[in-house]
Amino acid sequence: MPPPKKRNSLCCVYHCLCYQRKIKSPIEDLKIIHLSTLSMNDFSNQRIDLHSHTNCSDGALTPQELINRASNMQIDVLAITDHDTVAALDIAERYIVEQNVPIQLIRGIEISTAWHGFEIHVVGLNIDPNTLALRTLIDSQQQTREQRAIQMGEKLTKCGFDGIYQQAKKLASKGTITRAHFAKALLQQGHVNNLQAAFDKYIGKGQRAFVRANWCSIEQAVDTIHQAGGSAVLAHPIRYDLSGKWLRRLIVNFAAAGGDALEVVLPQMHNEQRKLMLNYCTEYSLYASLGSDFHYPSRWSDLGKNLQLPEQATPVWQLWQ
Ligand code: AMP
Ligand code: MN
Ligand code: MN
Ligand code: MN
């Protein structure tokens, strides 16, 4: 079992006071409804999914639709973790309260980071979305996304595909623009036969329209999540296509940066991979998280599907109890 980590106690006291409304948080005016984030009791025997997306980034469902789907799937605890945005959280929280949905929402985010030429995703769980440091990081990540999108559009024009940037912007609407929107635009305009082909031929790493984005570092993401009172989770470690040596380097770096947990359980994971992740948790004193990374309903993955932490794991939610 990993020893409980010492957290910045001043930061925790600050956030407790903010939650209890004894002092004003920097962006108090946003009138977020505060659910009982600090009174998470017993998560045993609950259906838990700590990684999901809405159409505030590249998910297909609105926050309300996602909550309805989670409720239909009998999820008890759901984290919304959109790419570099917290826009869905307020909407989802209001909906849960108004409709009296029996779901505990964990406020989350998935932050893109740059590490040795790889794009590594760090999930923040149980964050206070109003924290100034987090708002500042989100603004800068959104600017990075916009610049990258413009450059990707230019490269795609050079490939002979006009108007893809405009179409991707339209698809993203007011939400975070992602490569998933570019893939969809390329598909809609008949330049590829499926979304995967858009990544394989044009916008995936090393392809003709790929643009290396100037994301924040792992350290910045972890530090900002901690300033927001949350737990930092290394998202889907097995999906980065890293050799064993590089995966270990990544986990060592993440732990050294103060990261709290690894996503040990994802859908469609081999037993061997799960065991490997568990061993890393033990070796580097990291907690374990689990999530579907739900974007849209499909045959292969859904909210809460095939998600169960092994008994040996120390769940990340112990940090919140
Ligand atoms: P971005 O954060 O803008 O680089 O976009 C990354 C998003 O695109 C991921 O969160 C996935 O939803 C999607 N994505 C990334 N790689 C692929 C891929 N090879 N095939 C399909 N979707 C992908
Ligand atoms: Mn995505
Ligand atoms: Mn991700
Ligand atoms: Mn994700």
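Figure 1. A contact joins two residues whose C-beta atoms, placed from the backbone, lie within 7 Å. Over the protein chain, pLDDT averages 89, and 87% of the residues score at least 70. In this predicted model, local features need pLDDT of at least 70 and side-chain atom pairs count only at pLDDT 80 or more, while totals for chains, interfaces and linings use all residues. Residues are numbered from 1 along each chain as its sequence is written; chains are lettered from A and ligands numbered from 1 in the order in which they are written.

**Figure 2. The shell around ligand 1.** Residues surrounding ligand 1 include Asp 58, His 83, Ser 112, Arg 179, Phe 199 and His 295. A residue counts as near if its C-beta atom, placed from the backbone, lies within 6 Å of the molecule. Helices α6 (179-188) and α7 (195-203) each supply at least two shell residues. α7 gives the most, with three. Helices (H or I, at least four residues) and strands (E, at least two) are DSSP runs, numbered from the N terminus. Domain 1 (9-139 + 226-320) and domain 2 (140-203) each contribute at least three residues to the shell; their bounds come from an automatic or database domain assignment.

**Figure 3. The open sheet.** Seven strands follow the order β1-β2-β3-β4-β5-β6-β7, with mixed pairing. Strands pair if DSSP finds at least two bridges between them. β1 (48-49) and β7 (287-290) stand at the edges with a single partner strand each, so one side of each lacks a neighbour in the sheet. β2 (residues 77-80) and β3 (residues 104-115) pair in the parallel sense over four bridges. Ala 79 stands opposite Ile 106 in β3.

**Figure 4. Helices on the sheet.** α8 (residues 218-227) packs on the sheet and touches β3, β4 (118-125) and β5 (231-234). Its direction makes about 5° with that of β4. α10 (residues 271-283) lies across β6 (261-265) and β7, at about 160° to β6. Axes are lines fitted to C-alpha atoms, for helices over the stretch in contact, and angles run from 0 to 180 degrees between N-to-C directions.

Methods
pLDDT is the predictor's confidence in each residue, from 0 to 100.
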